[in-house]
Amino acid sequence: MAEDKAWSTSAEITWCPGCGNFGILAALRQALAAAGLEPWQVVVVGGIGQSGKVAQYIGANFLHGLHGRAIPHALGVKLANPELKVIVVGGDGDLYGEGGNHLLHAFRRNPDIVCLAHNNGVYGLTKGQAAPTSSPGFAPKNREAGTHIPAFNPLAAGLAMGGSFIARGFAGDIKHLARLIGEAFEHKGFGFIDILQPCVTYNHVNTAEWYRKRVYDLELESHNPLDADAARARILEWPAEGDDVEIPIGVFYRSRRPAYETCGRPGQAVTRLEFDIDVVKKAMEEFR
Amino acid sequence: MTDITLAIAGQAGQGVDTASELLARTLVRSGYHIFSYPNVMSRIRGGHNFTAVRVSDRQVYSTPGKFNALLAMDELSVREHRADMVEGGTMIAEGRMPSIEHHGQSSNDEARMTIETRNSNDRGRGERADRPTILRVPMAEIAGKHGGSKTMANVVGLGALLALTESGDSPRSRGRDRNPVQSPFSKLRNLLKERFASKGEEVVRQNLACLKAGADHIRERRVTNVECRMLGQSATGNRQSGKRGRLLLTGNHAIALGALASGVRFHAGYPMSPSTPIMEYLAAKQAEAGLVMEQAEDEIAAIIMVIGAAYAGARAMTATSGGGFSLMVEGLGMAAMAELPVVVVLAMRAGPATGFPTRTEQGELLFVTSASQDEFPRFVFAPGTAEEAFCATNRAFELAARFQVPAVVLSDQLLSDSLWTVPSFNLARTRVSSDFDESAWQGRPANSYRRYAITASGVSPRLRPGFRGQLVRSLGSEHDEDGFQTEDKAVRVKMHEKRMSKLEAMAGAMEAPTCYPEETADVAVVCFGSTYGAAREAVDILRSERVSVAMVHLCDLIPFPRERMTALLAPARKVITVEGNSTGQLAALLRRETGIKADAQVLKYDGRPFEAASLAEEIRRKC
């Protein structure tokens, strides 16, 4: 699409051919184009890993920070200047492993930030170790006998932590994913999307074909995302043991809560405030 | 010259901290200078805490010696501090009707209060002089009667303590008659009214009643303490110098005010003693000062948020202690690589690990000079007084922004927690520069901004994200001028050199070491940070004994002032370093940077501050 050209950069894309990241990048570009945003209004905050590189490929402002820390970087940006559209992109290692604590608190805080979690169940950039979302039967590097621990369920954690927009997408369904990202843009709060993606190099269990056979769209099942109990039931369908599992995608849960940056805050870009010496004078008087 | 110490001791939760702050402020308003050091345990209830308030008619810089008077809120305090009292000192202690004999001036009193001396039965009058007089006041009971709750016992005690500053001549009426406006007692009345006004008239009335009842308890006994009485008298005489231009505040508050005076817009932090009051102060100022204070889930998140806010264009800071700083270390390097200005306050305590959470030490100097992997330019400031803490915090913000590097303000529990009297800060001398020249970018071709453009100074123009038509790319990976990641070795060398090339101008922007009272003497005492006060007063003591000694104090530490230190120390016959750690980190740094080997070192690592008299003794031995 012609309008997508605005959302690209001169940086060379260094992913493996066939990587699920391409689908996510394409969906994000479509969603950005559809949202009518200008590149200079958007800040993409990338984690470290193959996924975080999206920050450099999207053609907006970016802060490409430390591994695991995309969410607090983004929160700092958003609290300092709520006028910016802030998007976090990170992988399962970044957002669920190294930075898991930040994710839990992001659900609680509910800043108006969109968070795209690239979930391929394996570590790519460090060459094939287990991720928090690796399924127990998957035998990654260092754990040839299997991971033996249940996979992390980010959607269940999000629901438990009071998350206000909890969704799952699939990198193999770009159109569906672009629509989900668009809904997250519209949502005034923490718009979280766990995105299933194959890793063609290191995950030979959860392949594109494997996912394609199992995913189904919640919307076609008349799921009501305002119903927390229904959301919980759908969220617990997967990850789960067994080969006959079905994997729901779409918006599981949505609620209205005030966005964090508007709660008891100056409510404007503090980056643009003029220095006022009288505030300091008055503060000093209080120490007489 | 007046230089006396009033102390307050008790369990955590008995209001020692509040009472000592009220006492200190009362005396400052009466025209005195204060240095007040809290000696607290890491617990919320029980235990034993005490704060010693040193009162003088000239500026004082270090922790007090023996106590002239002590308000003991519990019995442990009485036992614990007998040996800390000066000859003829007075204790006001919780309790009534002890069985020990009555004697001296109050021997005609009824049993409500007793004056004790330990072992007084088997001592002659001359020997009693070195024992503290103990005045029993049933503070909790009086507080219950007049304040409705024993929590105001500390105010009763304060009233009793301040009654000691009054003339003991005519019972019952002093303090009110003599000079009602200027006596410390009246100052405290006014302070209590201010402090509790927001809690309603009843609370004010109760506090005033408790204060008066405590004072009357002493007044009726015609007890007096010579030094304390002088305090009351000179306070009256000191009316003119009841300086309007004087502040009483902790080092932490001086740092927080310095941040406000530097236009801070964002603070993220995680509570950690002794830095926490900085965060609490800024949180309370959010609406008024237009800033955001975010309590992070951990110190990693704190510095990472600060970096995000700095990227967005806010002047941003965090404050922590050694453990939290250890978690922030990777973030410090991120700020350096992305060339974003952040200010980190590191208030040291004794470590490693949890160490002594509420006590002081200077063991993190070398850590902070090299924290985070690989090499990058940074500033480190180690202020010695509250006044210097205010100014150094302003320099940290200004210079971090000018050079787009991280800056650390190195405090410690002694500087951070002590109450200092300082002249009002001179706001004409603080600066808040504009960190962006956005007008220069109006009308430029779209997408022409290069975040890491190579310049002669190594500093690239900054823009805030959200600038129409331009994109701001910041990152922690090695990058080209546009801000895209690269693995090119030539670009790596160029970018590394760009960052490191700032060092020379950074060194030039720093302030020279403080020399006291002159630049050269036979013996140079070299120190950094909060050791300033004890070292300065030790130098005074030694010079009064005709020892040729001067202090060289380093606040602006990194980049290290090589040339200045080399020149300053060249004429000295002996260089003695004084620092609060066990290996001599300042001495090591001095040798590394200048080749100068300290002739002797004075080291302290027991979690307690240096004390001027004993430090003078140590220096004398090593001269």
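His64(A) stands opposite Leu475(B), a residue of strand β16(B). That pairing belongs to a predicted model, so take everything below as computed from that prediction. Here's a quick tour, starting at the contact between the chains and then moving into chain B.

**The strand pairing across the chains**
- β2(A) and β16(B), the latter covering residues 473-475 of chain B, run parallel and are joined by three bridges.
- Within that pairing, look for His64(A) across from Leu475(B).

- Chain A puts 42 residues into the contact, and chain B puts in 56 residues.
- On chain A's side, the elements giving two or more residues are β2 (61-64), α3 (70-80), α5 (100-109) and α10 (277-285).
- The largest share of that side comes from α3(A), with eight residues.
- Sorted by class, chain A's side has 25 nonpolar, 12 polar and five charged residues.

**Strand β8 of chain B**
- β8(B) spans residues 246-250, and five of its five residues are buried.
- Which residues of β8(B) cover each side? Arg246(B), Leu248(B) and Thr250(B) are on one side, with Leu247(B) and Leu249(B) on the other, and all are buried.
- As background, side chains in a regular strand alternate between the two faces of the sheet.
- β8(B) pairs with β15(B), residues 419-423, in the antiparallel sense over five bridges.
- If you want a landmark in that pairing, Leu249(B) has Trp420(B) of β15(B) as its bridge partner.

**Helices α9 and α15 of chain B**
- α9(B) covers residues 251-260 and α15(B) covers residues 386-403; their axes come within 8 Å and cross at roughly 35°.
- The crossing of these two helices, α9(B) and α15(B), is right-handed.
- From α9(B), the contact uses Gly251(B), Ala254(B), Ile255(B), Leu257(B), Gly258(B) and Ala259(B).
- From α15(B), it uses Ala386(B), Ala389(B), Phe390(B), Cys391(B), Thr393(B), Asn394(B) and Phe397(B).

**Helix α5 of chain B**
- Is α5(B), residues 153-163, mostly covered or mostly open? Mostly covered, with 11 of its 11 residues buried.
- Among the buried residues are Asn154(B), Gly157(B) and Gly159(B), along with Val155(B), Val156(B) and Leu158(B).
- Also buried in α5(B) are Ala153(B), Ala160(B), Leu161(B), Leu162(B) and Ala163(B).

Methods: Residues numbered from 1 in each chain as written. Chains lettered and ligands numbered in written order. Predicted model: local features only at pLDDT ≥ 70, side-chain atom pairs only at ≥ 80, totals over all residues. Buried ≥ 20, exposed ≤ 12 C-beta atoms within 10 Å, placed from the backbone. Helix = DSSP H or I, 4+ residues; strand = E, 2+ residues; numbered from the N terminus. Pairing = 2+ DSSP bridges. Contact = placed C-beta atoms within 7 Å. Nonpolar A, V, L, I, M, F, W, Y, C, P; charged D, E, K, R; others polar. Axes fitted to C-alpha atoms, helices over the stretch in contact; angles between N-to-C directions. Left-handed = near helix turned anticlockwise from the far one by under 90°.
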